[in-house]
Amino acid sequence: MKQQKKEPLKKQFNFPVWYILIAAFVLMSLSSYLFNPVVGNISYSEFKELVRDGRIESCQVTSSLIKGTLKAEDYRSEKMKTFVTARVDDPELVKELEAQGVKYSGNYENTWLQQFLFAWIIPIGIFFLIWRFVFKRMGGPTGSIMSFGKSKGKIYAQEDLKFSFDDVAGIDEAKEELQEVVEFLKTPHKFTNLGGRIPKGVLLVGAPGTGKTLLAKAVAGEAEVPFFSISGSEFVEMFVGVGASRVRDMFGQAAQKAPCIIFIDELDAIGKTRGSNPVGGHDEREQTLNQLLVEMDGFDTNTGVIIMSATNRPETLDPALLRPGRFDRQVVVDRPDLNGREAILVIHSKGVKLDENVVLKSIAAMTPGFVGADLANIINEAALLAARRNKDNVGMSEIEEAIERVMAGLEKKKRLINKKEKGIVAHHECGHALVASTLKTADKVKKISIIPRGVAALGYTLQLPTEDRYMMTREELTDRISVLLGGRIAEEIIFDEVSTGAQNDLEKASDIARRMVKYYGMSDKLGIVTFEPENKSPFMGWGMGSNKDYSEETARDIDIEVKKIIDDVYAKTREMLEKQKPMLIKLSKILMEKEVIEEKELKKILNDEIEEKTDATRVN
């Protein structure tokens with residue numbers, strides 16, 4: 001993937017709030033000093049002694065200080081003409097000063113200016129600076145409260161977008177759909193001369209990580225036009241009307257930069273069906289959506305402004321967004337197939353030093369259902385593992401380990417489990433592996449391990465399909481349930497008891513059986529009828545347990561049919577493992593010794609067992 005050209009950062013003057021707090025502390029200290037200047041060069045007892053000795057010429061008494069001058073004969077010898085001392089509450093002071101003939105006077109201190117300055121002006125000024133600092137941070141670079149209504153979208157200039165369709169792989173159909181948008185942005189007269197109208201909005205729909213945002217940037221890069229990028233959640237703030245104001249500002253900026261592309265990521269953040277708020281009322285999100293609908297109706301597509309959005313929850317969007325004239329073209333960005341995954345791996349491995357034994361096609365075959373983000377993560381994890389092992393390049397072993405780490409979790413070799421639990425886990429995983437190896441439609445077993453992984457997995461059986469599948473038959477679904485139940489049944493056969501280790505297996509098996517009955521019409525009793533379609537959104541009240549499309553009697557029949565499917569598969573799987581009990585015990589012993597059995601070794605063990613049985617039959 002090509003890197004974007006970064007713009008040089010502009011040096012900004014930062015004024016941290018700590019400066020304001022330090023300034024406030026200094027001003028408070030200064031105020032305390034001015035209001036309470038209790039400083040003197042002699043003590044009050046020394047002052048009284050000077051009064052009694054008749055050595056004071058005159059003094060001035062204030063509310064807190066006594067200032068005075070000494071007689072001429074005294075300060076010539078002591079080199080001190082004036083003195084200052086703190087005033088003490090002394091009722092006899094005036095009488096003593098009069099008795100000694102000291103000239104004294106009072107002083108009225110008018111401190112209203114200081115009090116007004118330090119009690120009102122300075123605190124208000126500090127509060128204003130703090131207020132301005134906070135709103136500058138919240139309002140954006142302009143530092144104004146009015147900047148709340150400004151769009152927070154990032155604008156990528158034409159020369160900064162270095163993405164093209166060459167950087168996007170695995171979604172060829174989506175690229176072909178968007179090629180028309182690129183042609184319109186490059187040569188709009190080609191369409192307008194014939195009276196044609198380009199779709200006003202393009203909605204990219206797909207699972208997380210499939211490359212919707214990258215595809216939108218590639219369209220802008222191919223068309224060589226500016227690109228406005230903003231997330232749906234960035235429209236809505238705590239203040240009412242901010243989202244609608246930002247929508248208006250964004251479309252205003254785009255009109256000035258036309259031709260250009262506006263890309264709204266995670267459109268479902270503001271585009272959910274109106275009226276779906278369980279609390280009710282006209283909330284800020286709905287106002288933002290209304291403004292978006294109005295703006296999309298208000299501008300002409302021939303100006304060259306194309307709106308692109310991405311979401312992975314299209315069922316929650318308001319129908320008004322999807323009607324012709326708004327987002328009237330929906331492009332599905334699906335999970336890549338085998339060839340698509342190989343092409344994605346080629347792109348993400350360009351900057352990685354791969355060993356000669358690495359075959360990207362084999363890696364693509366091992367990762368069915370993975371999206372581009374997953375494949376990029378695998379390559380990155382493999383490179384980190386190779387660096388940790390001080391290798392010069394990334395080998396196939398690191399990539400396979402990275403795939404296991406992504407699928408099953410981090411390996412925990414230091415977790416100690418006792419011998420009894422280890423035996424239960426070994427028989428449990430071997431039960432999965434034997435059933436999967438026996439059934440024709442089951443995915444092949446790649447690896448068996450009893451090394452703990454992830455949060456709670458004490459062992460795992462890694463199965464990888466031989467090819468991409470887009471639909472499944474009833475036999476394949478029941479075989480998948482059989483593989484899930486194989487671990488629990490193996491525990492019953494060997495130990496005559498069960499453990500909690502099959503919890504996740506039972507959840508998955510029950511879910512498959514319930515889908516067979518409710519969604520796929522695979523129940524003999526209920527027939528070809530579906531119940532509660534999967535695309536119903538909980539935001540409209542469905543899925544809360546209150547609204548059902550069937551009666552309680554039908555719900556009871558559904559539960560009975562689900563249990564019947566599980567029971568039938570259970571009986572079939574138990575009979576299968578009972579016949580293979582010696583093999584189950586043998587395989588479990590090997591697994592307990594080695595902790596890991598790879599695909600080749602598993603096939604060899606099973607083939608040797610078949611040959612031994614064949615030889616024994618010939619002898620008999």
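Predicted model: local features only at pLDDT ≥ 70, side-chain atom pairs only at ≥ 80, totals over all residues.
Residues are numbered from 1 along each chain as its sequence is written, and side-chain values use heavy atoms, with hydrogens and water left out.

Let us begin with the overall picture. The protein holds 22 helices and 13 strands; these are DSSP runs numbered from the N terminus, with helices being H or I of at least four residues and strands being E of at least two. Of the 620 residues, 41% are buried. Here buried means under 20% relative accessible area, exposed means over 50%, and partly exposed is in between, with a 1.4 Å probe and protein chains only. The accessible surface comes to about 35300 Å², and carbon and sulfur atoms own 54% of that; such areas come from the Shrake-Rupley method with a 1.4 Å probe, and for residues only the protein chains shown count as cover. Take the contacts (heavy atoms within 4.5 Å) between residues at least 6 apart in sequence: 73% of them join residues at least 24 apart.

Now back to helix 16, which covers residues 396–408. As a rule, an α-helix has 3.6 residues a turn, so residues three or four places apart point the same way. Just after helix 16 comes G409, with a positive phi of about 105°.

Rolling a probe the size of a water molecule over the atoms shows where empty space is left. On a 1 Å grid over the protein atoms alone, a cavity is a set of points where a 1.4 Å probe fits but cannot get out, and lining residues have an atom within 4 Å of a point. Grid points are joined across faces, edges and corners, and the volume is the space filled by probe spheres set on the points. The count comes to one cavity of 30 Å³ or more, and the largest cavity holds about 30 Å³ of space. Its lining consists of M366, E400, I403, E404, K446 and L462. Helix 16 gives the largest share of that lining, three residues. By type, the lining has three nonpolar, no polar and three charged residues. Nonpolar here means Ala, Val, Leu, Ile, Met, Phe, Trp, Tyr, Cys and Pro, charged means Asp, Glu, Lys and Arg, and the others, Gly among them, count as polar.

Among the buried ones are K212, K217 and G221. Just after helix 8, E224 takes a positive phi of about 60°.

Most residues other than glycine have a negative phi, and most peptide bonds are trans. E266 has a positive phi near 50° and sits in the loop between strand 8 (260–265) and helix 10 (268–271); at 33% relative accessibility, E266 is partly exposed. D496, with a positive phi of about 55°, is found in the loop between helix 18 (474–495) and helix 19 (503–518), and is exposed at 71% relative accessibility.

Finally, visit strand 13 (residues 596–598), where I597 has its place. I597 is buried, at 0% relative accessibility. Leaving aside neighbours within four places in sequence, I597 is in contact with K447, I448, L587, I590, L591 and L602. I597 and C430 are 167 residues apart in sequence, and their C-alpha atoms are 9.9 Å apart in space.

Technical notes
1 Å grid on protein atoms, 1.4 Å probe; cavity = no way out; pocket = protein on both sides within 12 Å on 5 of 7 lines; lining within 4 Å.
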